[in-house]
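Here is a short briefing on a predicted model. Read it with the structure open.

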Amino acid sequence: MTILQTKPTIADIKASVDAALESLQTTLRELNREIWSNPETAYQEFKAHDAICNFLEAQGFTVTRHAYGLDTSFEAISGSGGRLINFNAEYDALPGIGHACGHNLITTSSVAAFLALSALLKQYGIPGRTQLLGTPAEENGGGKAKLIDAGAYKGVDISLMAHAGPEKLFPGVEATGVGGVLMNARKQIHCEFTGKSAHAGGNPWEGVNALDALVTSYNNVAVLRQQLQPEERVHCAFLDTPKVANVIPSYTKAYWQVRSPTLKGLNRLMIKVRNCIEAGALATGCEVKILEDELYTDIKINDTLCERYQAHMGSYDRNVLKSHDKVLTGSSDIGILHFTLSRLCPSLTTTTGNVSYIMPTLHTMFGIPGPDGSFPHHPSFEAAAGTDEAHIEAVVVGKSLAMIGWEMVTDKALFEQAKAQWQKCIQE
C-alpha cells in the first residue's frame, strides 16, 4: 500500500484505473461470455452467481455467497473506513431471448468498476470502501427489494451502475450514451376471476364466465389506452385460461404491468386500470381478487454524478450526454425499498421507493453496436450484447464509474454537492 503524500490528478487516477484492469482483460471477457452464454431467469442465476464469485475469489477478494438470504445473490466489500460506494451487478436473463436485456454487460461494467476502485483505494492508501452487490431478478421479481429489506444497502453513500442500450438511444441525438436517464415508474397488478362452471352447450345460462370477465377487463383497458399520456404504458399476460371450449370456465388469472413517468401519474393510472378490471368482474357477475405489488419508482437524476460520468467517458473519447429529458418507457428495480420514506419525503405517500429516493444514484445507459431497430428486450439485442465490441464499451463504462467512485470517496465538497442535489430533488 502506498500512503498518499500528494493528491493525484485525475489523469493519475485514470492511468491507475487503466493499469489495474489491463491484466484482467482476458478473464473479464471470459466472465462476460460465461454469463451471456448461459442465460438464467429470475432467482435461477446459479451459474452466473458461481462464475462471478469464483472470478472475484481468484482475484483475492472475500466473497459472501448466497448473501442476505438469497440463493443467487453475493456481496464483496473492499477497503476500510470512509464513504461506501456501491456497484450493482445484474445478471438475470429473459425467457426465450436470453440476455436481450444486456445484463451480462451490467455485470461486466460493475465488476470492472469494483476491481478498479478497489485497486485505487489500496494503491493510494485512502480511507473508503466499495461494495459489489449481486442483485438477481431485476426483470421479474424485484430482487433488490428483498436485498434492501435484509439490509444489503445499509450504510451505502453512493450507488452507481450502468445499463446497455443501442448507440442511437434517442432519435436525432448524436451520442453514444447518456448519464441521466428518466425511466417510468411501474407497478404490477395480479388479478384472479372466479365464476361458476357449467356445460357450454347444455346449460350455459347457469354458468358465470370467468373468461368473459378477463376478456372484458382487457377490452376495458384497451379502450382506456387512447386516453393515456404519451409515455404511459399498460400491458398484460393471460396466465390461466380455459383449455377446453365446451365448459363455461370458473377461473382465470392475469398479470398486468402499469407504467407512468412519475409516481403521482402512476397512482392515478393504477386507479383507472383497477376500475377497468373490477368493471369486467361486475359486468359478468364474477368475483375478482386483485393484488398490487413490485413498485419500481421513477429515477431521481443527480446532476453532479451525471456530469462526472460525462467527463470521464469523454476522457475515453466517448460522446455522452449529461442527461436527457426524454422518458424511457422501460423501468428498473434499481433499489426498491420497503420502509416508510416519510422522514425523507413527507409528501411521498407510498411506502415503497427507488434507491435514488434515499441516496445519490447514477443509473446511466451506454450504447453498444447493433443492427438498426435493436433495443433491449428485442431478440437482436441478445446477439449485440455478446460481442467483443459491447464488452469493450462495458469495460470503459466500468472505468468511468470507478473514477466517479474515487471522487465521491476523496472529494468531500463534490460528495456534499451530489448529496445536496439529491436532497433538493426528493423534496420537490
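**Helix 2 and its buried face**

In helix 2, the buried residues are Leu-28, Arg-29, Leu-31, Asn-32 and Ile-35. Viewed down the axis of helix 2, its buried residues fall within an arc of 160 degrees, so they line one face of the helix. An α-helix has 3.6 residues a turn, so residues three or four places apart point the same way.

*Length and cover*

- Helix 2 covers residues 25-37, which makes 13 residues.
- At 1.5 Å a residue, helix 2 should span 18 Å.

*Cysteines*

- How many disulfides does a search of the whole structure find? The search finds zero.
- Cys-101 is in no disulfide. The nearest cysteine sulfur belongs to Cys-53 and is 19 Å away. A disulfide would need the two sulfur atoms within 2.5 Å.
- Is Cys-101 buried or exposed? Cys-101 counts as buried, because its relative accessibility is 0%.
- Cys-306 has 1% relative accessibility, so Cys-306 also counts as buried. The cut-off for buried is under 20%.

*Domains*

- The protein chain is divided into domain 1 and domain 2.
- Domain 1 is made of 10-184 + 298-426. Domain 2 is 185-295.
- The C-alpha centres of domain 1 and domain 2 are 35 Å apart.

Conventions:
Residues are numbered from 1 along each chain as its sequence is written. This is a predicted model: local features need pLDDT of at least 70, side-chain atom pairs count only at pLDDT 80 or more; totals for chains, interfaces and linings use all residues. Side-chain values use heavy atoms; hydrogens and water are left out. Helices (H or I, at least four residues) and strands (E, at least two) are DSSP runs, numbered from the N terminus. The expected span of a helix is 1.5 Å times one less than its number of residues. Buried means under 20% relative accessible area, exposed over 50%, partly exposed in between (1.4 Å probe, protein chains only). The arc is that of the directions from the helix axis to the C-beta atoms. Domain bounds come from an automatic or database domain assignment.
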